[in-house]
Amino acid sequence: MKLDKLITSPSPWLQPGGPQSDLVLSTRVRLARNVAGRPFLARLRPEEQQDLEASLKNAVLKALGPKHITWFELADMAEIDKRCLVEQHLISRELAAGEGPRGVGIDAAQQVAIMANEEDHLRLQVILPGLQLEEAWRKADEIDDQLEAHMTYTFSPKLGYLTACPTNVGTAMRASVMLHLPCLVLTRQIEKVFRAVARMRLTVRGLYGEGTQATGDIYQISNQASLGRSESDILQTLGAVIPQITTYEKQARELLATESQTTLDDRIFRAWGLLTHARTISSEETLTLLSAVRLGIHLGRLKNVDMAAVNELFLLTRPGHIQKIRGAELTESERDVARADYIRKRFAAQ
């Protein structure tokens, strides 16, 4: 699998057709692991970090097979390529910004990514389209077992898996669901939902996780900590909360479609008009407009608009991808022009 093809191809987890994909973009399960007998990453000397990365790469390829997973070294990777991998949710911002030897193994389906030398020695993630908590966990657990056959994890019978960040100690699992909630935002009910989520020991983040703001009415909801909670407990909590949130969003959509149809249509068709005719458009505005168009398709207001194209544009219009598509580094204003041009052509070609 070539890096350029990986970066410029549509991410499978963004494709429509997953369970409840009108409201749930993706489900992700991430496991943090450290190798027994080795210090945490922050305490490793450069030569030790090099040895660890090589050891992890070898274990991953032995466990999963080079036919099923491709390993990419990040230390010498171009900044634009690392940015694209972050935008695709295949590596974290921390791994992209890190120093020293580090890498990531990615499968051809872009469902599995195994990061080496991030905050912990190893971060395994599985990301699937739609609402698939149990399936994502089953796949992550299976791969975790395969990896453990080739390495020994740092584990405490009392505390569980030991990690660099105390909040990850225990199962060291972070399960998250990415939701599109435009009508809860429009009806100003979103903060009430957030307060209810917090009481369930869950947290809400933006499109790119911790420390990011919500854009395009997209929110990630995940467990806050894993100490003292089993994997099944975490999954059950999310599995109970997410359907409630999606029900509230559906009710808000029905309310707006009934009581504020003209206002809602105006929002949807203004967004469509700007996306198909604008000559310059920012990344943030693009996400806001795509959110309205996505809503319009699901409500049946916009006909003959390809949902797959809309979902792809959530990713391919990000700063890294626009520059990768154009094959050149661009200033912010140049990116805005290139983005508008790409969006017009993409919708014209559907």
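Which residues is L227 in contact with, leaving aside its neighbours within four places in sequence? They are L159, V169, G170 and R201, where contact means heavy atoms within 4.5 Å.

This is a predicted model, in which local features need pLDDT of at least 70, side-chain atom pairs count only at pLDDT 80 or more, and totals for chains, interfaces and linings use all residues. Residues are numbered from 1 along each chain as its sequence is written, and side-chain values use heavy atoms, with hydrogens and water left out.

**Loop residues**

L227 sits in the loop between strand 10 (218-223) and helix 8 (231-259). Helices (H or I, at least four residues) and strands (E, at least two) are DSSP runs, numbered from the N terminus. L227 counts as partly exposed because its relative accessibility is 43%. On this scale buried means under 20% relative accessible area, exposed means over 50%, and partly exposed lies in between (1.4 Å probe, protein chains only). L227 and S55 are 172 residues apart along the chain, and their C-alpha atoms are separated by 28 Å.

R201, one of the contacts of L227, is in the loop between helix 7 and strand 9 (202-205). R201 is not a glycine, yet has a positive phi of about 65 degrees. R188 also has a positive phi, near 60 degrees, and is likewise a residue other than glycine. The place of R188 is the loop between helix 6 (182-186) and helix 7 (190-199).

T171 lies in the loop between strand 7 (160-161) and strand 8 (173-180). Leaving aside neighbours within four places in sequence, T171 is in contact with R33, Y161, S226, R229, S230, E231 and I234.

H121 is found in the loop between strand 4 (112-116) and strand 5 (122-129). Beyond its neighbours within four places in sequence, H121 has contacts that include R33, N34, V35, R38, P39 and F40. Also among them are L41, L44, L52, L56, M115 and A116. From H121 to T276, 155 residues apart in sequence, the C-alpha to C-alpha separation is 45 Å.

The relative accessibility of several residues is set out below.

| Residue | Relative accessibility | Class |
|---|---|---|
| H121 | 0% | buried |
| T171 | 7% | buried |
| C165 | 22% | partly exposed |
| V185 | 28% | partly exposed |
| R201 | 43% | partly exposed |
| R188 | 77% | exposed |

**Helix 6 and the cysteines**

V185 is in helix 6. Not counting residues up to four places away in sequence, V185 touches I190, D217 and Y219. V185 and A252 are 67 residues apart in sequence, and their C-alpha atoms are 9.3 Å apart in space.

C183 counts as buried because its relative accessible area is 0%. C165 is partly exposed, at 22% relative accessibility. A search of the whole structure finds 0 disulfides, a disulfide being a pair of cysteine sulfur atoms within 2.5 Å.

**Helix 2 against helix 5**

The axes of helix 2 (residues 46-64) and helix 5 (residues 133-148) come within 8 Å and cross at roughly 115 degrees. Axes are lines fitted to C-alpha atoms, for helices over the stretch in contact, and angles run from 0 to 180 degrees between N-to-C directions. The crossing is right-handed; a crossing has this hand if the near helix is turned clockwise from the far one by less than a right angle, and is left-handed if anticlockwise.

From helix 2, A59, V60, A63 and L64 meet I143, Q146 and L147 of helix 5. By class, this contact has 6 nonpolar, 1 polar and no charged residues. Ala, Val, Leu, Ile, Met, Phe, Trp, Tyr, Cys and Pro count as nonpolar, Asp, Glu, Lys and Arg as charged, and the others, Gly among them, as polar.

**Nonpolar cores**

In soluble globular proteins, nonpolar side chains tend to be buried together. A nonpolar core is a set of buried Ala, Val, Leu, Ile, Met, Phe, Trp, Tyr and Cys residues joined through side-chain atoms within 4.5 Å. The largest core here has 86 residues, and those with the most contacts inside it are I114, L147, I245, V310 and F347. Helix 8 gives the largest share of this core, 9 residues. Leaving aside neighbours within four places in sequence, V310 is in contact with L290, V293, R294, I297, V305 and F347. Apart from this core lies another, of 17 residues, including I7, V86, I106 and M115.
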